[in-house]
Amino acid sequence: MNVNQSAPPVPPFGQPQPVYQGYHQSSYGGQPGSTAPTTPYGAYNGPVPGYQQTSPPGVSRAPPSSEAPPASTAQAPCGQASYGQFGQGDVQNGPSSTVQMQRFPGSQPFGSVPLAPVVSQPTVLQPYGPPPTSAQVTAQLAGMQISGAVAPALPPVGLGYGSPASLASASGSFPNPGLYGSYPQGQAPPLSQAQGHLGAQPPQRSAPPQASTFTSPASGGPRMPSMTGPFLPGQGFGGPSLSQPNHVSSPPPQALPPGTQMTGPPGPPPPMHSSQQPGYQLQQNGSFGPARGPQPNYGSPYPGAPTFGSQPGPPQPLPPKRLDPDAIPSPIQVIEDDRNNRGSEPFVTGVRGQVPPLVTTNFLVKDQGNASPRYIRCTSYNIPCTSDMAKQAQVPLAAVIKPLARLPPEEASPYVVDHGESGPLRCNRCKAYMCPFMQFIEGGRRFQCCFCSCINDVPPQYFQHLDHTGKRVDAYDRPELSLGSYEFLATVDYCKNNKFPSPPAFIFMIDVSYNAIRSGLVRLLCEELKSLLDFLPREGGTEESAIRVGFVTYNKVLHFYNVKSSLAQPQMMVVSDVADMFVPLLDGFLVNVSESRAVITSLLDQIPEMFADTRETETVFAPVIQAGMEALKAAECAGKLFLFHTSLPIAEAPGKLKNRDDRKLINTDKEKTLFQPQTGAYQTLAKECVAQGCCVDLFLFPNQYVDVATLSVVPQLTGGSVYKYACFQVENDQERFLSDLRRDVQKVVGFDAVMRVRTSTGIRAVDFFGAFYMSNTTDVELAGLDGDKTVTVEFKHDDRLNEESGALLQCALLYTSCAGQRRLRIHNLALNCCTQLADLYRNCETDTLINYMAKFAYRGVLNSPVKTVRDTLITQCAQILACYRKNCASPSSAGQLILPECMKLLPVYLNCVLKSDVLQPGAEVTTDDRAYVRQLVTSMDVAETNVFFYPRLLPLTKSPIESATEPPAVRASEERLSNGDIYLLENGLNLFLWVGASVQQGVVQSLFNVSSFSQITSGLSVLPVLDNPLSKKVRGLIDSLRAQRSRLSW
Ligand SMILES: [Zn+2]
């Protein structure tokens, strides 16, 4: 087999050539999907015509509202801030430190940070003993995690990292206690607090931090204030349970081959610093000393294990010391280095097994035979040849696949290949599609499959001669023979019921119960839809979208609307028998927007008026989805439901839910039930939806618990999206909601999709993570799939791999385009295989590893106690690093934590995952917040998980105003915040502006148009538009951040 080992010449249709003879230029994504117009819609000024109500025979006709008075739910306070709740938190202007302390009700008192007790000697690692086992590394890593469970029990012995008073100087802070679950978890001891015995070490890029010693406030070390939740980069290494020096070191910037000593000074290990470290626990254990054999008493890899050393007495509270936070590998530095080293050259995909630039680097891709990293990223680009080796290394082998990823304008969309009636050429045995790795033989009359080695005949119409190298002479004229990604037009054989599909439909289903009306949501939404419907996705080149639309409103009953173009007024049909849902009309329900514009506009004008006086507070939910799905079924098309829903569906109907939120379950074995749906009805419904190609996008506007874990089941299994706006109020939240809505409605979607990942002999796809449904073990079924959704696929060995032939992946996605065209999108990727572990460790990608590990963990909480999930993550990380140390690194002192160059951020990032709301909720994080984030992360791509777990913190006034570039980020830790500056913080979902208390008055004036810090209005969701350079620069920066993310608002 001849896998492309070198870059072939640029094919004649290489990017970005718009015209390619014989192939349709794909129009997929040909519209501005990612750039929603900011103010694209004119106001609607039409009259509000009369409302005409009719009922078909047999359909009960009910008033739009019932008599039920608003229940208390309607007035439920929105006390708990939550995800997506920006109400009070966007701009901080609290000058008083006292006030700030009060703003973190969920935080642990500072004094009780669990540093001291964990400094007990659980992990008796011998400083000069043999290299640590993975269990020992586990113990080292375990120190990274902040055991929230331990924290509250600890006395504030002054071992914390700062008394409340010491925080006073950190005047600015993120104000909203519920801002964002991960930020304000005060109980997390700061990572970067660990103290290193740095004095003894020569300066290094990453100095060897000392473990288990934390400075007291008095020691003058930098504080780690309360909001450090997810950003505590250093914590890992200074973790409380580390009872010995852990040399967190990384190699010099130039990549060293694995196996190079990556730690501090080679040679004799550093002294134990017993004299310098009064609190050093090992001394109490008597374990300090020359090299010894394995620790007989080493029992548990986790902190807190009771038996360690010969004197397991309680640790004496001693003043902890700090690690120098700068000694921890810096994500900012790694990101910056990669930008500098790899951002200027295009990434050419012709070479097998190349590790692409980081997701944080801006780079162009040239497809020369392998799929762009925008479509597929792998945890490793060099796979161990044997399963034994893979097991030894414990590095998960996974690919994060985003089949319909949007590309930057400079890169061409995949070409569409039309083979006519014969359809795409495939291997007869394994059904893999023709791709650049297929080997043509016998003068071109046959080809050998690169996946299963089967020899296939080349059909006469596809025959072509080979050149002297054995390549087809037309190889560079055919996308499927020279590119990593392309599309085939599917034949009728690939269609449901052997019938080409109809164009898909969008159905808008609007909750018109009391809460939805009262908050202003219904009016806002209807007004927006009038103009947004002009921006439905369409194939490039066409004037008009082929998508038809329909409308339903509901509370306890459903109202269908006939908006047929021939009608003067819309007609309403009410279905009150929600137990046996049916669609009361076929003709006139799904219509073309331009044909029925007048009737649709009339309807959207009337809906807010019709229900203005409703007192109905109860809603149904499952029957609404059922109705939409039945409507698509009746119209024989796929499509998407947009549900706008406000409350727990307690009305008597299928899928009725009860409030089962119980925070007492947190940290118990029953915690998993909080993440599980409370009824199986929604899975059954989702399965029906998938069969129909009915994707469900859910917009939630809850005032209190709505059971996101259950309500999100159908969106999750149908490839849909969930959005959540707690305590929605038009004034505060409309910007955000409309931005999400516009993007969601306009984005290009593939419908009724099936994805399969084929692999060459030796490995196979064994596990899948994402928003989809699977009815067998190989096919990922997606009622809908948009350009933001990813599927993470894990691979395992089933045979030995071969270094020479490498390993191949082929992802084939069969879907219906927005115009109703059935297509196959193919992505191919060739990976290297290795017999040396060092090669594996040299070709990993930590960001992708974290994506996989987070998804693995987030699924794990459905079935296991959260602590078990956390421990599993730590153990795996420890095993990965221990294997590297044992096999690839040169001997070093046992206390040193040695990190492979490309994994040097693994402990830092993993720590962020461990501290995320799903795995370690703060007191202010609601059950719904956790369920919401859990399902969001499930379909995130690598860039999204990267910034979600390690947010970006940008200082705004440090760089010159005239500089057009984005200011350099700083490490995401509160101690990096200066009172004299203003910062933007973003994690891909939320954006915060942090204003330091002593920021210059002129800056405040320029940005907020007020004269002093104390006059800044907290809770602003937009900055005033002011005509000065700083204001323009900051607003421009915010716009550019929002343009980079699929959902980001403030
Ligand atoms: Zn085959």
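In this predicted model, strand E14 (residues 558-562) is mostly covered, with five of its five residues buried. The burial extends to both faces of E14: Leu 558, Phe 560 and Asn 562 lie on one side, His 559 and Tyr 561 lie on the other, and all are buried. Strand E13 (residues 548-554) runs antiparallel to E14 and is joined to it by three bridges. Within this pairing, Val 552 has Phe 560 of E14 as its bridge partner. Three residues separate E13 from E14, and the two strands form a hairpin. Strand E15 (residues 571-575) is also antiparallel to E14, and five bridges join them. Here Asn 562 stands opposite Gln 571 of E15.

The largest nonpolar core comprises 111 residues, and the members that touch the most other members are Leu 558, Phe 560, Tyr 841 and Leu 919. Helix H19 (residues 866-887) supplies the largest share of this core, with nine residues.

The surroundings of Leu 558 can be described in detail. When residues up to four places away in sequence are not counted, Leu 558 touches Val 552 and Thr 553, as well as Met 573, Val 574, Val 575, Val 578 and Met 581. The contacts of Leu 558 also include Val 620, Pro 623, Val 624 and Ala 627.

Strand E16 (residues 639-645) pairs with E17 in the parallel sense, over seven bridges. In this pairing, Leu 643 has Leu 698 of E17 as its bridge partner.

The model also contains a zinc site. The zinc ion is coordinated through the SG atoms of Cys 427, Cys 430, Cys 449 and Cys 452, at 2.2 to 2.3 Å. The angles among the four donor atoms are 103 to 114 degrees, and the site is tetrahedral. For comparison, the ideal angle for four tetrahedral donors is 109.5 degrees. Along the sequence, the donor residues follow the spacing C-x2-C-x18-C-x2-C. Cys 427 belongs to the loop between strand E7 (416-417) and strand E8 (439-441), and Cys 449 to the loop between strand E9 (446-448) and strand E10 (455-457), so this pair ties together parts that are 22 residues apart in sequence. Both Cys 427 and Cys 449 are buried.

These local features belong to a protein chain with 24 helices and 27 strands. Of the 1050 residues of the chain, 63% count as buried. Among contacts with a separation of 6 or more, 78% are accounted for by residues 24 or more positions apart. The accessible surface of the protein chain comes to about 35,600 Å², and 53% of this surface belongs to carbon and sulfur atoms.

Conventions: Residues numbered from 1 in each chain as written. Predicted model: local features only at pLDDT ≥ 70, side-chain atom pairs only at ≥ 80, totals over all residues. Heavy atoms only, no water. Donors = N, O, S within 2.8 Å, 3.2 Å for Na, K, Ca; no water. Tetrahedral: all angles 85-135°; square planar, octahedral: opposite > 155°, others 65-115°. Helix = DSSP H or I, 4+ residues; strand = E, 2+ residues; numbered from the N terminus. Buried < 20%, exposed > 50% of the residue type's maximum accessible area, 1.4 Å probe, protein only. Core = buried A, V, L, I, M, F, W, Y, C linked by side-chain atoms within 4.5 Å. Contact = heavy atoms within 4.5 Å. Areas by Shrake-Rupley, 256 points an atom, 1.4 Å probe, with all protein chains shown as cover. Pairing = 2+ DSSP bridges.
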